[in-house]
Amino acid sequence: MSDDKESRIIETEFDLVEDLDSSEFAQEIKEEGLIVAADLLPTQLPIIPLRPRPSFPGLLIPLALSGSLQMAAVQQAMETGGQAIGLIMVKDMEEEDSTDNLCTIGVAAKILKILHSDQDSMHVMVNCLERFTILEMLPVEQPLMARVRYNLTPELSVNPELKAYSMAIISTLKELVQINPLYSEEIKLFLTRSSMNDPGRLADFAANLTSADGEELQSILESFDVRKRIDQVLVLLKKELEVSRLQAKISMQIEEKISAQQREFFLHEQLKAIKKELGLEKEGKTSELEKFQERLEKLKLNDEAGNVVEDEMEKLQLLEPSSPEYTVSRNYLDWLTILPWGLYSKDSYDLARARRILDRDHYGLKDVKERILEFIAVGKMKGDISGSILCLVGPPGVGKTSVGHSIANALGRKFFRFSLGGMRDEAEIKGHRRTYIGAMPGKFIQAMKTVGTSNPLLMLDEIDKIGASFQGDPASALLEVLDPEQNNSFRDHYLDVPFDLSNVMFIATANQLDTIPRPLLDRMELIRLSGYILEEKLEIAKRYLIPKALKNHGLQRGQVVIHKAALVQIIDGYAREAGVRSLENQIKKIMRRAAMAFAEEDTLKKVTIRKRDVEHYLDKPVFTAEEVFEGVPGVVTGLAWTSLGGTTLQIEATAMLAKNKGFKQTGQLGSVMVESSEIAYSFVMAHLVDFGVDSEFLDQHFVHLHVPAGATPKDGPSAGITMATALVSMTTGKTVRKKLGMTGELTLTGRVLPIGGLKEKVIAARRAGLATLIFPEDNRKDFEEIPDYLKEGLTIHFVRTFNDVYNIAF
């Protein structure tokens, strides 16, 4: 809607009227006889469109008019004797003023006085008289003219029903006046011109008081039936009353909150003034500077950090506490002075004590313990363990994190652990620059603040799961931290001064090494935790897991007894992975069910779990016994490594007569394993005669090689000799010796190359009941490092070529 065509009703009569008294208008109305409006109102009226709401009969209102169309309507009305004009609301507020955009029912009014007039706008005071209905619009361009019929309100005898309605309106108006006193002035003005005994006028007046939208008010204006009109008005008044109550409630809540805040502020100011007068409290900035100075007296900062702290303290003295820069500078000084510059805890190099702690906290892991004791011994000879960065590698649940905690206890160092898993932002390592809102130092500086010493043991958990994104590469940021030649002057982005991390002992943990960047891996010394065999898990359950579970479930020692045969059944059927986390969960499940049994039966004193009871407590076994298929040509057992430990792998081969030769592999094999199978196929094809097979055998057969458990992805080169042995067994029709397992990479020339994960594969072979194992000759040194109890009962053959494998297998 354009500004020239805009008109609006000013609802509060005296907002724009500074030189007009309501009593004068009332007197003018009576003197001029305007009460008998039917005798004075013409049948043709100039029309003024109204926005955003209509007017009602019996009201005295000012109008602010603009635009040639509206000003022409006023001029036309002033030229007639009655000075009458039609006020009618538009249908669409966004449309231009036109004959098609007008409602059909409006209010006739008399112009009482022109308050202000210039070329562009005009303010007039009008007295609204009667409703009218437009019969037709006259063909006049300016102003809008209409022929109308007046809808005169008949004189009504005030019967009890209408009186009751009138009283309901008056009662609601009284409630509104109590909530919002502004309504009282409008009610007084209405009483000077009308009576409360006129229900129609009362309804119109009450409707005009509400803040209802134009459509609702127009509906009331179009209600000629007084009873129906009063019903509609009462609904609007009730809505208005609820809105006013809500507004009053909100205002009261805000006032109470503001009053409480003001009262608290004044009390704080008074308290501050009293303390200042009594000398009980110093100014905030002074106390902050004194606090920083006290911290500095206990620290040994390097030269650069000392100069920065001195400059920042001088800067802080000049800043006002209300300045944003004050908070930034104060937080920076807080971090600089709270770090343990030059503070060290005393290391313990007592090897006997360290051995006791490691044996107390962990069963088995003999090789790991020896490596850790070697580190402590070197520290004893050297005088410190600076520059030590270890990486504990092994399957989940083998105790990597708890080993780190035990090392800290053995050395007497503070321990701090944080996980790198899923970290994608470089700022997590090196901090944010101070220019950013909410900037903080990185994890390493935060760790130093937490532990309070410069030589803690920091555990970097899940270093193999660190990520990278557009925000940076945290793994690359770790290169500086984990480099003994660089971390003596580690510069965090937030501190921007060098901090010495060279005395920190770093221990990282990982499940696998493939995802760790090579430069990062080179900075760490690897210690492998291969996992536990059944006997070790049995001891761990007895010594650690069962007592811990009893305590955590509120049970006393001896209330729940698990027999050894039952534990073996749990380990073999429900917790076969390399670690003991799943075993611990199964024991917790038994304890929960036992606790329920004790809670339900007060007389129950003891719960005993035998082998036959395991399925009752844990349902059906998750794992079945690892069956080794033997006595079938073309079937050979291999050994494989997974992130959960070692496992056995059955390789099956079969041949079908065909016109053309061919080779097919199935079992969801990875690209490296597919290549190994093709190498085995080519090697066997080239040496068929050496194995006593017709040289044209493979030309007349289609060969299918399958690795069962097709839903499990498999990859790696270590199944090369196993696949070749399966193909030789298939072509010759011979079966391999019983309880035989093998692993090794095969080349086209028949050489057998070394493989990894030897200990895990030996553990898997023992679990599957294999007695004879074939390993590459180059893995002999790895086998010698395996504990003797794992070798017991096994016959091991080390081979250099496939001919050695053939002689042993067949």
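**Briefing: a parallel sheet, its helices and an aromatic cluster**

In this predicted model, helix H15 (residues 443-451) lies across E9, E10 and E13, and runs at about 150 degrees to E9. These strands belong to an open sheet of five, ordered E9-E10-E13-E8-E14, in which the pairing is parallel. The structure also holds 14 aromatic pairs, and two of the rings described below are those of Phe-691 and Tyr-806.

**Sheet and packing helices**

- The edges of the sheet are formed by strand E9 (415-419) and strand E14 (525-528), each of which pairs on one side only, while neighbouring strands are turned by 20 degrees against each other on average, direction ignored.
- E9 runs parallel to strand E10 (residues 457-461) and is joined to E10 by five bridges, with Ser-419 standing opposite Asp-461 in E10.
- Helix H13 (residues 400-411) packs on the sheet, where it touches strand E8 (389-393), E9, E10 and strand E13 (505-510), and the direction of H13 makes about 175 degrees with that of E10.

**Aromatic cluster**

- Phe-683, Phe-691, Phe-802, Tyr-806 and Phe-810 form one aromatic cluster.
- The ring centres of Phe-691 and Tyr-806 are 5.1 Å apart and their planes stand at 35 degrees, so the pair is tilted.
- Because Phe-691 lies in the loop between helix H22 (671-686) and strand E20 (701-706), and Tyr-806 in helix H27 (residues 802-809), the pair ties together parts that are 115 residues apart in sequence.
- Tyr-806 is buried, with a relative accessible area of 15%, whereas Phe-810 counts as partly exposed at 28% relative accessibility.

**Charges over rings**

- The charged end of Arg-434 sits over the ring of Tyr-332, 3.8 Å from its centre, and Lys-449 lies over the face of Trp-335, at 4.5 Å from the ring centre.

Definitions and conventions: Residues numbered from 1 in each chain as written. Predicted model: local features only at pLDDT ≥ 70, side-chain atom pairs only at ≥ 80, totals over all residues. Heavy atoms only, no water. Pairing = 2+ DSSP bridges. Helix = DSSP H or I, 4+ residues; strand = E, 2+ residues; numbered from the N terminus. Axes fitted to C-alpha atoms, helices over the stretch in contact; angles between N-to-C directions. Contact = heavy atoms within 4.5 Å. Phe/Tyr/Trp six-rings, centres within 6.5 Å; stacked < 30°, edge-to-face > 60°. Buried < 20%, exposed > 50% of the residue type's maximum accessible area, 1.4 Å probe, protein only. Lys NZ or Arg CZ within 6 Å of the ring centre and 35° of its normal.
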